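Have the sequence and the 3D view open side by side as you read.

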Amino acid sequence: MRGEGENTQRFGLRSFRAKFVLVVGGAVLFDLLVSGGLALWNVQKLSQDAALEVGEGLTTANQEYIRSYAESTASRVDLLLDRVHADVKTLAGVLQSQIDDPARQEQIGATLARQTPGSVAVVYDRQGDWAQNLPGAPSVVSVWGYLLGPDHTPLPDVQQVIDNSAVLDLVAPSLLAGGSSKLQMYYIGPKEEPIFRTAPYTEQAQTFDRLYPGHNKADFWEFFFPGIYGSWQQWASDPASRPVADDITQTAPYTDAITGKLIVSFFNPLWTKDRTGVAGTAGADITLDQLAEIVENVKIAGTGFGFLTMSNGNVVAINPAGETIIGLKSSSDTGTQGVTGLERSLRNSTQPAITSLPLDKNNDGVIQHIMLDNQGESVPYIVVLKRLQSTNLWSSGPIKPETMSVGIVVPEREIYAALFAAQDGISRATNRILIYQIIAIAVSLLIVFAAVLGISKRITAGLSALAGAARRLQAQDYSVRVNIPTRDEVGEAGAAFNRMAEQISFHTENLERLVDERTSELEGANQEISALNSKLQDENLRLGAELAVARQIQLMVLPREHELEAIPQIEIVAYMRPADEVGGDYYDVLQNGSRIKIGIGDVTGHGLESGVLMLMVQSVARALQETGDCDPRQFLDRLNRAIFKNIERTNTDKHLSLAFLDYEDERVTLSGQHEEVLVIRAGGDVERIDTLHLGLPVGLELDILPFVETHTIAFSRGDVIVLYTDGVTEAEDLDGRLYGIDRLCESARQRYGGTAEEIKTGILEDLMDHIGTQKIHDDITLVIMRHT
């Protein structure tokens with residue numbers, strides 16, 4: 001009974017015998033898998049190759065189909081726009097040829113005035129304070145109140161423009177009847193005589209009165225299309241300044257005042273005979289329906305759809321189902337000035353994959369795979385974006401380049417339906433073969449396991465002895481040794497065990513000595529670390545003292561309150577807060593007789609080096625002021641030369657933006673490049689004066705005199721000037737949003753009427769409320785000047 005118990009114990013799950021059976025059985029199983037599973041591997045390889053080849057073929061075909069579909073859709077949109085461009089250029093060509101031949105222009109205008117007086121004779125509307133020709137003419141011409149004389153008739157120059165523009169009645173009807181469908185075509189006069197002639201005839205001025213109150217008293221171009229006329233004037237001065245090499249200017253989609261439809265306008269500016277100015281514009285409108293029809297009728301796979309988007313992500317055309325799938329939200333601009341438009345941006349989508357969809361040229365025609373949420377299910381989609389021809393775009397402000405894109409969106413499960421079906425069939429067949437093979441291998445394994453079990457007992461005796469000796473060694477009997485007479489691997493394991501037992505015995509006896517040696521080494525290392533820590537503390541104290549001295553010196557050279565109060569007629573208050581112990585911002589107020597010089601600058605970075613450079617600037621500026629150097633350009637050039645040479649000597653890469661304001665006799669002369677200068681006039685109007693063209697950063701080049709210019713600002717009683725560094729406008733809140741120039745302008749405007757101290761305090765309160773608990777990353781400097 002005892003021998004039977006020992007055999008049972010030896011064949012436990014942890015016994016060598018059990019492991020031997022498992023190892024040998026595993027080896028046989030491996031052999032069976034290699035030999036018996038070769039067919040399975042071949043079948044799997046063939047199925048994978050077939051699925052891969054089918055998948056690659058279908059994927060390539062489907063992707064090429066989607067790309068071709070996107071390209072053809074983009075070509076249709078481009079063709080529509082090209083046809084509209086051609087019609088507008090035709091009308092512009094006729095009008096431009098009239099402008100280039102003044103004698104012929106006057107002759108044709110006089111002839112049309114005689115033959116069709118209804119096209120040039122306007123009737124005054126007392127209620128609207130404008131004049132307009134009566135119905136019946138091919139076009140309507142509207143003349144705004146400020147273009148009428150005391151007798152409510154057009155001024156002579158305005159009447160001449162009305163007569164000359166009547167040629168539109170001869171050209172526009174045929175252009176409207178042919179070519180692409182257009183809502184209307186028109187001519188708008190130059191900035192001085194902006195009459196509005198439109199074909200076909202509509203109640204134009206009446207509609208403007210209803211939708212745009214106050215338009216009749218305002219400059220037409222700046223009211224409806226702010227910034228567009230100035231861009232054209234720039235083109236006249238520098239044709240190369242066109243964002244896109246074409247005269248056609250396209251607007252973003254907006255709501256038409258007359259029809260209430262979303263439209264897109266196309267302008268072709270007309271030039272004066274000498275090509276130095278703008279003589280008005282020829283234009284045409286098309287409804288957004290014409291563009292939308294092309295992309296909304298996209299039908300690809302089962303539920304694929306298309307959309308048309310601008311480069312900023314604003315979607316101008318998409319069908320309702322597609323709008324829901326990509327999670328768009330619409331909002332309209334309902335302002336009363338200028339044209340009103342539609343905002344439906346990809347960046348405001350409820351789908352994260354859509355908000356981050358790249359629209360740049362690097363992704364033109366590229367297949368993109370995204371995941372969209374569909375009623376709680378994550379669904380894979382394919383997206384292809386194809387860019388249209390670039391055009392000049394006006395939205396609000398200066399004209400800029402625009403490249404719209406046509407997008408095609410298709411669910412992957414629809415476009416790859418055939419691929420998924422083929423792969424599924426191959427997978428099912430492969431799984432059946434795998435099951436049959438596993439059953440055969442399992443039967444073979446049972447047979448082999450019975451045979452291995454029978455011979456395992458004969459080879460485990462030595463291992464049992466080795467296991468017993470190991471248990472004694474575990475019980476700290478280091479004198480134990482094993483005697484295994486066999487010369488196989490088990491005998492070698494016994495010999496290795498005996499050597500291990502000897503080594504354990506040796507190390508146990510010497511362990512206490514080794515621990516003492518290691519403890520001594522650690523104590524020495526601890527003493528070295530303590531000495532280093534002490535040196536670091538001393539160095540930190542020294543550096544802190546140096547920074548404190550530098551900060552105190554920096555504060556000492558700032559203008560004192562009694563110096564600022566002694567300046568007649570002007571209140572000056574300032575605030576400076578460095579981001580580190582020593583700041584890199586600079587401001588100073590220097591007085592020499594009746595002349596006052598106010599300087600403000602910002603050294604790159606902050607910290608000790610920036611603070612030292614700020615002190616250099618203050619010292620050089622004070623010295624130059626004391627020498628009586630009154631010329632602003634020479635003053636800035638000499639200061640730059642001194643700073644540049646000091647920077648070379650100190651071998652640093654610092655420089656600074658720097659501007660000076662010279663005040664005398666209610667006039668301020670501005671020089672140097674820095675942030676914008678804000679001037680708040682009576683009534684709270686804010687002027688923003690750009691200094692980018694007035695100089696270069698100080699310390700970059702030795703000679704900056706050729707780049708330094710001056711700008712004169714009237715500074716009268718009640719006016720306020722606000723100077724600041726970028727630490728104000730670039731201050732962030734907890735969400736990373738910048739304070740910005742617009743918030744600064746609004747804060748200063750709201751405080752207008754108070755003292756300079758009250759204005760400064762109010763702006764700082766707004767700024768600190770915006771920053772909240774966010775860390776201040778840059779120096780903050782604010783200077784307020786108020787003419788009393």
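Let us begin with the cysteines. The count of disulfides, meaning pairs of cysteine sulfur atoms within 2.5 Å, comes to zero. This is a predicted model, in which local features need pLDDT of at least 70 and side-chain atom pairs count only at pLDDT 80 or more, while totals for chains, interfaces and linings use all residues. Residues are numbered from 1 along each chain as its sequence is written, and side-chain values use heavy atoms, with hydrogens and water left out.

Buried means under 20%, exposed over 50%, and partly exposed in between, using a 1.4 Å probe and protein chains only.

| Residue | Relative accessible area | Class |
|---|---|---|
| Cys 630 | 41% | partly exposed |
| Cys 745 | 10% | buried |
| Ser 610 | 0% | buried |
| Val 679 | 0% | buried |

Next comes a sheet and its helices. Helices (H or I, at least four residues) and strands (E, at least two) are DSSP runs, numbered from the N terminus. Two strands pair if DSSP finds at least two bridges between them.

Two helices pack here. Contact means heavy atoms within 4.5 Å. Axes are lines fitted to C-alpha atoms, for helices over the stretch in contact, and angles run from 0 to 180 degrees between N-to-C directions.

How do the two helices meet, and at what angle do their axes cross? The axes of helix 18 (residues 608–626) and helix 19 (residues 632–650) come within 10 Å and cross at roughly 145°. Among the residues making the contact are Leu 613, Met 616 and Val 617 of helix 18, and Phe 635, Arg 638 and Leu 639 of helix 19.

Ser 610 also lies in helix 18. Leaving aside neighbours within four places in sequence, Ser 610 is in contact with Gly 583, Gly 584, Val 603, Thr 604, Gly 605 and Lys 654.

Val 679 and Ile 721 are 42 residues apart in sequence, yet 4.6 Å apart in space, C-alpha to C-alpha. With neighbours within four places in sequence set aside, the contacts of Val 679 include Asp 685, Val 686, Ile 713 and Ile 721.

Finally, look at strand 5 (residues 196–199). In a regular strand the side chains alternate between the two faces of the sheet. Phe 196 and Thr 198 point one way from strand 5, Arg 197 and Ala 199 point the other way, and all are buried. Strand 3 (residues 140–143) runs antiparallel to strand 5 and is joined to it by three bridges, with Val 140 partnered by Thr 198. Strand 4 (residues 184–188) also pairs with strand 5 in the antiparallel sense, over four bridges, and Met 185 has Ala 199 as its bridge partner.
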